[in-house]
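Here are a few friendly notes to read alongside the model.

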Amino acid sequence: MGAKYIMTDKIELFHTTNIKVATALLTLGFEKITISSMTRTDGQTSIVFWFAGTNAEGLKAATVHHGMTKGGEALARKEPENILNYLRCYANNRDELIADVKHTPKMVVIEKDGQKIAVSANASEETKRQIAEMI
């Protein structure tokens, strides 16, 4: 489901399933109208974020979407100080940190006679015993 405008007799709406775009819209002061859960034709569920199509400063949600997605590289070259470049960079850096956290090996602390050492949780019991003997 792509992002697009829907015209009603009351308000111009914008929707997206892209959480980075939705976060940027909130950050830039777009009114969040609602959130819906949609079952797609493939049986999977998508969360759809609905916003006002324009914020108080007159910025269009579609412009934000474009700058946060396929138009991001061109925007960075054309307008390096545009706030969308910073928001996109923030979102990408956050994703990298989350991936790092998910892939960071867990450690356990072994304590003996008041001394502590951290050992990989994946280490064998034999390795943990040997390390405990060294402290």
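Which residue stands opposite Thr45 in S4?

1. Thr39 is the residue that stands opposite Thr45 in S4. This is a predicted model, where local features need pLDDT of at least 70 and side-chain atom pairs pLDDT 80 or more, while totals for chains, interfaces and linings use all residues. Residues are numbered from 1 along each chain as its sequence is written, and side-chain values use heavy atoms, without hydrogens or water.

2. S3 (residues 32–39) pairs with S4 in the antiparallel sense over seven bridges; pairing requires at least two DSSP bridges between two strands. Five residues lie between S3 and S4 in their hairpin, and Gly43 in the turn has a positive phi of about 90°. Strands here are DSSP runs of E, at least two residues, and helices runs of H or I, at least four, numbered from the N terminus.

3. S2 (residues 12–16) is also antiparallel to S4, over four bridges, with Leu13 opposite Ala52. Six of the eight residues of S4 are buried (under 20% relative accessible area, 1.4 Å probe, protein chains only).

4. Beyond its neighbours within four places in sequence, Leu25 is in contact (heavy atoms within 4.5 Å) with Phe14, Phe30, Phe51, Ala61 and Val64.

5. In H2, the buried residues are Ala61, Val64, His65, Gly67 and Met68. They fall within an arc of 170° seen down the axis of H2, so they line one face of the helix; the arc is taken from the directions from the helix axis to the C-beta atoms.

Conventions:
Buried < 20%, exposed > 50% of the residue type's maximum accessible area, 1.4 Å probe, protein only.
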